[in-house]
Amino acid sequence: MRHWLVLLLAVSVAHAQPAGLPTRDGLPTLAPILEKVTPAVVNIAVLQKSPEEENPLLRDPFFRRFFGGPQQAEPQVAAGSGVIVDAKNGYVITNAHVVKEAKEIMVTLRDNRRLPATLVGADPGTDIAVVKVEPQRLVEVKFGDSDALQVGDFVVAIGNPFGIGQTATSGIVSALGRSGLSVEGYEHFIQTDASINPGNSGGALVNLKGELIGINTAIIGPANVGIGFAVPSVLARAVMDQLIRFGEVKRGRLGIAMQPVVGGGEGALIAEVEPNSPASEAGIRKGDVVTALNGRPVRAPAELRARLGVVPAGESVELKVQRGKETQTLKAQIGEIDKTQAGGQPLAELNGAALAEVQRRGLPGKDRALLVTKVDPGSPAFGHGIRQGDLIIGVNQRRVTTAQELAKALRATGRLGLNVVRGDFLLTIQLR
């Protein structure tokens, strides 16, 4: 009986600890992995604009002279985490919501050095941003392959919340390709039960090799209940490359509508192909099931949507398609998003954007929407992530088709989410 008890205890310990971990005094430890990674995980403190600075009337000297204004605007400070991924050039990757509306950005390293940072670019659609610091004795984390992850793999979430210092939690990959969370438009998350604490947004999710396989971005509920989400490193790296190259993600269009495979199989079922689109020219047909993109497996429509969403217009992609019993490989060139529309009127509620009412086939619910014909760089609309060519179809999931309906919806109190079609993709842009 004693031998059976010893054997059961040994089996229990073996299952509780991942194989291949370093040991200290005969016990498994994550310390060498953390020692390797934590110097690259930083705190990001952001000084945001005060509400008074956002109000154009309160910025007007004439208005302030006759009607007064706040004696001293209180600065708003937000904080999150970031990961140094290029020590040579000083690039730090974080969440877009961490640096949103930032006036000043300060990066604090593990050795307590504080470095001012500049915003390279931010993409609200994937919630990824890149900032740059002076490359002074920095340590970077190497990218890992998030596509190689499997449910059950051990991971470590590392952050550097303001006022607390670095934190590290361990767990496993609970699920892959999570979507429908209404966080942003291009959802393709790694789900983990490693606690992602408040302030850890933008921090690192690493594997047991110390490789970056995700950027922590969200938790469910006001307190962590063992359900956290991270942007896969493959997606985050593609966004980072575009932000460094262009300052924004230049999305294009393929001209398809997708839905899950009937019966719950893997892949993305093509529900519609727009006539004369890049997809139709490539030979993609309604009913095809896309199983791979550029040699990487596609498990669900959200995954294909997210990956296509970071391919710039003009670049070619290779799609592996199941058509009946046949498997085909098709090549398609990502097209430009249609931005052609004369005129456009400004809307006070979307400061910096000009809009025109248009009719477009295939939109959700109705065939009418508001086309963004122009966005002034540096304007509040541009800062929120609104871009020329966007089709505004709703606010807070309520359909709008005219400028009057949009203006009325934007005057509502509380949280405001702008529902936008950009190319083949539907996303939500949070205005407040």
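Me: How do I read burial for Phe189 here: buried or exposed?

Reply: Phe189 counts as buried, at 5% relative accessibility. Buried means under 20% relative accessible area, exposed over 50%, partly exposed in between (1.4 Å probe, protein chains only). This is a predicted model, where local features need pLDDT of at least 70 and side-chain atom pairs 80 or more, while totals for chains, interfaces and linings use all residues. Residues are numbered from 1 along each chain as its sequence is written, and side-chain values use heavy atoms, leaving out hydrogens and water.

Me: Which residue pairs with Phe189?

Reply: The structure holds 1 aromatic pair. In it, Phe189 and Phe229 are tilted, 5.9 Å centre to centre with 55° between the planes (centres within 6.5 Å; under 30 degrees is stacked, over 60 edge-to-face, the rest tilted). Phe189 sits in strand S11 (residues 189–192) and Phe229 in strand S14 (residues 228–232), so the pair ties together parts 40 residues apart in sequence. Phe229 is buried too, at 3% relative accessibility.

Me: Where do the buried residues of helix H10 fall, seen down its axis?

Reply: An α-helix has 3.6 residues a turn, so residues three or four places apart point the same way. In H10 (residues 403–410), the buried ones are Leu406, Ala407 and Leu410. Down the axis they fall within an arc of 100° (taken from directions to the C-beta atoms), so they line one face of the helix. Exposed Gln404 and Lys408 are on the face turned away from that buried side.

Me: How much of the whole chain is buried?

Reply: Of its 432 residues, 47% count as buried. The chain has 10 helices and 27 strands (DSSP runs: H or I of at least four residues, E of at least two, numbered from the N terminus).

Notes:
Phe/Tyr/Trp six-rings, centres within 6.5 Å; stacked < 30°, edge-to-face > 60°.
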